[in-house]
Amino acid sequence: MEVYRTPDAAFEHLPDFPWEPAYTEVTDPDGGTLRMAYVEVGPADGPVALLLHGEPSWSFLYRHVARVLTEGGIRCVMPDLVGFGRSDKPVNQADYSYARMVEWTRELVFDHLDLREVTLVGQDWGGLIGLRLVAENPDRFARVVAANTGLPTGDFDMPEVWWQFRRAVEKTEVLDVARLVAAGCARPMSDVVRAAYDAPFPEERAKAGARAMPGLVPTRPDDPATEANRAAWEVLSASELPFLVAFSDSDPITGAMAPILRKLIPGTRGLSHPTIQNAGHFLQEDAGDELGRAIADFVRR
């Protein structure tokens, strides 16, 4: 497997993200290893929150959320998915699959970090991966926060705006990652923040994961990931694990999933589910403080 590793110098000027990364090795399907990065902040004995980002962002997305959580005594673990952030980036799109993304993340958080009593916070692909982890390892989790995400099986079509996004990613000659993140926000983004989202991808070949991920979302009933996602739905739809639905008010991509999650997952019942105002798909960027407070309140309850 051919891999790109972003030089450390690319990450020298990150606004509001002072934390040093840690690294571990996860197994690649060719029998080698991939370096996977994560940031761990907050009290070592505090309740642990696993903050999983999506496409095409990285753990930088959670900087404001993590600050609020750590101030509240919560330990935050923020991985960079393989292909993103400081983690290794296979340069061939064929090296990415939904199953591999789940397994690489599982290996990091359970085999290496041995996280238990976890609060999952998953947005975008962070939810697609994280909800699989919850369903397949329910004894490791204490609660779930779903934020602008879902668990598609391919039985229902994706919204047209998502198809437009997928076609744009597939066809563009130069993938402008920062522009994609900014387009998914409801509030203006500064140039220095845009640069931080571009930082992991100084070369076009580093963007194979960002290009591949839209095509890994199940969009038909016979998708390779459909069976596993249906099995996950069976577990989640019978689970009493506390489940907070914290969506934004301005996300055309996943907004329709919020009422479905609240209806189908028993753990949502009896909870007050916040709607984060004036926030787009990347609600952590638009309203990280507000989302952080909602998560902290949920953990304390």
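These legends accompany several close-up views of side-chain contacts in a predicted model. Local features need pLDDT of at least 70 and side-chain atom pairs count only at pLDDT 80 or more, while totals for chains, interfaces and linings use all residues. Residues are numbered from 1 along each chain as its sequence is written, and side-chain values use heavy atoms, with hydrogens and water left out.

**View 1. Tryptophan 58 and phenylalanine 60 form a stacked pair.**
The structure holds 10 aromatic pairs; rings of Phe, Tyr and Trp (its six-membered ring) pair if their centres lie within 6.5 Å, with planes under 30 degrees apart counting as stacked, over 60 as edge-to-face and the rest as tilted. Here the ring centres are 5.8 Å apart and the planes meet at 20°, so the pair is stacked. Tryptophan 58 is buried at 0% relative accessible area, and phenylalanine 60 is buried at 0% (buried means under 20%, exposed over 50%, partly exposed in between, with a 1.4 Å probe and protein chains only). Trp58 and Phe60 belong to one aromatic cluster with Phe11, Phe17, Trp19 and Tyr197.

Helices (H or I, at least four residues) and strands (E, at least two) are DSSP runs, numbered from the N terminus. Phenylalanine 110 is buried at 4% relative accessibility, and phenylalanine 141 is buried with a relative accessible area of 4%.

**View 2. Arginine 35 lies over the face of tyrosine 23.**
Look for arginine 35 at 3.8 Å from the ring centre. A charge sits over a ring if NZ of Lys or CZ of Arg is within 6 Å of the ring centre and within 35 degrees of the ring normal. Arginine 86 lies over the face of phenylalanine 11, at 4.7 Å from the ring centre.

The structure holds 21 salt bridges, each a side-chain nitrogen of Lys or Arg within 4 Å of a carboxyl oxygen of Asp or Glu. Glutamate 103 and arginine 106 are three residues apart in helix H2, so about one helical turn separates them. Glutamate 103 is partly exposed, at 37% relative accessible area.

**View 3. Glutamate 290 reaches arginine 187 in a salt bridge.**
The closest N and O atoms are 3.7 Å apart. Glutamate 290 is in helix H10 (residues 283-300), and arginine 187 is in the loop between helix H5 (177-183) and helix H6 (191-198), 103 residues apart.
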